[in-house]
Amino acid sequence: MARLTIPDENVTLTDGDAIAAYLANCGVDYEQWLPEHFVAAAAPADEILRAYAKEIAQLNRRGGYVTADVIDVSPDTPGLEDMLAKFNREHWHDEDEVRFIIDGHGLFHIRSQDMHVMAIEVEPGDLIRVPRGTRHWFNLCSDRRIRAIRLFQEAAGWTPYYTNSGADRDYLPVCFGVTHLAGEAAAEL
C-alpha cells in the first residue's frame with residue numbers, strides 16, 4: 001500500500017481511501033489494482049500487459065491513452081544514473097503520466113497548484129495518474145528497482161519540461177525513513 005507524506009502539514013497517510021481522497025483534491029488519481037489472474041512480477045512484458053488488459057482498456061477509455069508498455073528498472077540497468085537524472089528534477093508533461101507498479105518502489109513528489117509538495121511512495125499494486133501540466137519529480141527507493149506499466153496519450157510518449165525551480169533540492173531523493181539513508185547519515189541519527 002502506498003504512503004503519502006505532506007511535509008508542510010506534518011501528515012502521513014497510509015490508508016488507501018484517505019490517500020485517494022487527498023490526491024483527488026489535488027487532481028491526481030490513485031487506485032489499487034488486482035489482476036484478473038495471477039502474474040509473476042518477473043513475467044515477460046507481454047504477459048503482464050495481457051493480465052491487466054481489462055484495466056488498461058478501461059484507463060484507455062477514461063484518459064484517451066493509445067499505447068502501454070512495461071518499464072523495468074533495476075540497479076543493473078545500463079545508464080541508470082543518467083536515466084534517473086531525467087526524472088529527479090521538477091518537471092511537467094503535456095500529457096498525463098500514468099504508472100501501475102508491478103514490482104519495486106518509487107517516490108513521486110508532486111507540487112500542487114498552491115505549490116505545496118507531497119510525496120507518494122508507490123509499490124506493487126499502486127496506480128497513479130499525474131495529470132498533464134502537474135509539476136513533479138520521481139526517485140527510486142533504496143531497492144533501486146521498479147517495474148511498471150506505463151500508459152501514453154501519444155505513441156511517441158511524453159517529454160519532460162523542466163521548471164528549473166530548484167524545489168526538488170529541498171526534499172530527500174530517496175524514500176522517507178532512516179533505513180533509506182546511506183551509511184554515515186543513518187548512523188548519525
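In what order do the 5 strands of the open sheet lie, and is their pairing parallel or antiparallel? In this predicted model, in which residues are numbered from 1 along each chain as its sequence is written, the order is 3-9-6-11-4 and the pairing is antiparallel. Local features were considered at pLDDT of at least 70 and side-chain atom pairs at pLDDT 80 or more, whereas totals for chains, interfaces and linings use all residues, and side-chain values rest on heavy atoms, with hydrogens and water left out.

The secondary structure of the protein amounts to 5 helices and 12 strands, both being DSSP runs numbered from the N terminus (H or I over at least four residues for helices, E over at least two for strands). The C-alpha trace spans about 45 × 35 × 35 Å along its principal axes. Of the 189 residues, 46% count as buried, where buried denotes under 20% relative accessible area, exposed over 50%, and partly exposed the range in between (1.4 Å probe, protein chains only). Among contacts (heavy atoms within 4.5 Å) between residues at least 6 apart in sequence, 72% join residues at least 24 apart.

The order 3-9-6-11-4 leaves strand 3 (29–32) and strand 4 (67–73) at the edges, each pairing on one side only, and the twist averages 20° from one strand to the next. Strand 4 is joined to strand 11 (residues 146–152) by 7 bridges, the two running antiparallel, and Ile71 has Ala148 in strand 11 as its bridge partner. Helix 3 (residues 53–63) lies across strands 3, 4, 6 (97–104), 9 (126–130) and 11, and runs at about 40° to strand 11; axes are lines fitted to C-alpha atoms, for helices over the stretch in contact, with angles from 0 to 180 degrees between N-to-C directions.

A nonpolar core is defined here as a set of buried Ala, Val, Leu, Ile, Met, Phe, Trp, Tyr and Cys residues joined through side-chain atoms within 4.5 Å. The largest such core holds 28 residues, of which Leu4, Ile19, Leu23, Phe108, Ile110 and Ile120 touch the most other members. Apart from this core lies another, of 16 residues, among them Ala43, Ala51, Tyr52 and Val70.

A search of the whole structure finds 13 salt bridges, each requiring a side-chain nitrogen of Lys or Arg within 4 Å of a carboxyl oxygen of Asp or Glu. One of them joins the side chains of Arg129 and Asp29 (2.6 Å, N to O), linking strand 9 to strand 3 across 100 residues; Asp29 is partly exposed, at 30% relative accessibility. Asp46 and Arg50, with their closest N and O atoms 3.6 Å apart, both lie in helix 2 (residues 45–51), 4 residues or about one turn of the helix apart. In a further salt bridge, the closest N and O atoms of Arg111 and Glu90 are 2.6 Å apart. Arg111 lies in strand 7 (residues 106–111) and Glu90 in the loop between helix 4 (80–87) and strand 5 (91–92), so the pair ties together parts 21 residues apart in sequence. Arg111 is buried at 13% relative accessible area, and Glu90 is buried at 1% relative accessibility.

Notes:
Pairing = 2+ DSSP bridges.
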